[in-house]
Amino acid sequence: MPEIKNYTLNFGPQHPAAHGVLRLVLEMDGEVIVRADPHIGLLHRATEKLAETKPYNQSIGYMDRLDYVSMMCNEHAYVLAIEKLLGIDIPERAKYIRVMFDEITRILNHLMWIGTHALDVGAMTMFLYAFREREDLMDLYEAVSGARMHATYYRPGGVARDLPDAMPQYLESRWRSKKEADRLNENRQGSMLDFVDDFTRRFPGYVDEYETLLTDNRIWKQRTVGIGVVSAERAFQLGFTGPMLRGSGVEWDLRKKQPYEVYARMDFDIPVGTNGDCYDRYLVRMEEMRQSNHIIRQCVEWLRVNPGIVLSDNHKVAAPRRELIKADMEGLIHHFKLFTEGYTLPEGEVYSAIEHPKGEFGIYLISDGCNKPYRLKIRAPGFAHLSAMNEMARGHMLADVVAIIGTQDIVFGEIDR
């Protein structure tokens, strides 16, 4: 009988399933994991420190780049913290737009997760399907902000601009025939809300396709059922939030338990798992996509019949409109002061948390009365999840590490900050 050897193995950072920058030092007994030690910091960019050197309104773009799969959700926590300390309320329409884009972002995040998680485990088709839908949602980002990913769309006092009346159109080119361009433009003839409405009608069918491919798939279940089991009690102790906590059977969702914006008026359910394994967390996230779709529909219906302003008219915090700058000296001064000096927040400290696609994303901000934060601390959900890697992986095989990294839905921008 061949002798079983003990190895110390570097998993990543160049391994495709390590998602870029995870160095996992594995102590192996044959092919069984004895200890998994995640080494992080390879994507550390000093975001918190940089935010302490800039006026408040110039750090919104840094938030996009934390969890670079859930861009607008990161911005949301940051602008909420500023608004809380300033004590300002934002227009009703802006609240609905924020909630709609939070849920669009949740779907974007979960599509990226299911595509890469399935690809890591060996299901290629899922990746192609998920990116087909991401393309439509990226177009929504681009329509409102001009950027497909790093939008900087949420502002203290509301959102940067109202929803556009028209969607960008595909053009005929060397790579796309006129017939193909016309087919792609069919549902882009109306306003952006019409396009979102069309997407929400199509999307449940797409989720059914994903479930057909995976939910009862024999290989998928063999790779995920009983892998990385965490009990409800242990999930609490480890600081899990989001789908990682709900997958273990704990019904905890900040949108229901500590509602912010207009979530209290929304009708949706919180999906909860029972076994706390990779398969249950997969089912939780799949159902979350359906629930997000339902919330988006409610927002679209409200936004259609309730026009209004989307940015506070308090020009000490929110930039005046372009025509006001050109016509009014006061507006020009406000604009100049805002973009050179920014605004000051009253002395104090604030913690604002949102239900980010990965869990509880929080911003702890201390103000000393200046125009930039005295201290900014980011509570990244993925950090607590990655800390549990050793406990979740111990006793499993090497191949299961890939499934566990996938189920944790790790993005290093927010972990390394």
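Is phenylalanine 203 buried or exposed, going by its relative accessibility? Phenylalanine 203 counts as buried, with 0% relative accessibility. Here buried means under 20% relative accessible area and exposed means over 50%, with partly exposed in between (1.4 Å probe, protein chains only).

A quick word on the ground rules. This is a predicted model, where local features need pLDDT of at least 70 and side-chain atom pairs count only at pLDDT 80 or more, while totals for chains, interfaces and linings use all residues. Residues are numbered from 1 along each chain as its sequence is written, and side-chain values use heavy atoms, leaving out hydrogens and water.

**The chain as a whole**

The protein chain has 18 helices and eight strands; these are DSSP runs numbered from the N terminus, helices being H or I with at least four residues and strands E with at least two. Its C-alpha trace spans about 85 × 55 × 45 Å along the principal axes.

Buried residues account for 53% of the 417. Of the contacts with a separation of 6 or more, 69% come from residues 24 or more positions apart, a contact being heavy atoms within 4.5 Å.

**Aromatic pairs**

Rings of Phe, Tyr and Trp (its six-membered ring) pair if their centres lie within 6.5 Å; planes under 30 degrees apart are stacked, over 60 edge-to-face, and the rest tilted. The count comes to twelve aromatic pairs. Two of the stacked ones look like this:

| Pair | Centre distance | Plane angle |
|---|---|---|
| tyrosine 96 and tryptophan 302 | 3.9 Å | 5° |
| phenylalanine 199 and phenylalanine 203 | 5.2 Å | 25° |

Tyrosine 96 sits in helix 4 (residues 92-121) and tryptophan 302 in helix 12 (residues 278-305), so to speak a link between distant parts of the chain, 206 residues apart. Tyrosine 96 is also buried, at 5% relative accessibility.

The phenylalanine pair stays within helix 7 (residues 192-214): phenylalanine 199 and phenylalanine 203 are four residues apart, which puts about one helical turn between them. Phenylalanine 199 is buried, with a relative accessible area of 3%, and phenylalanine 203 is buried at 0%.

Elsewhere, Phe101, Tyr141, Tyr153 and Tyr154 form one aromatic cluster.
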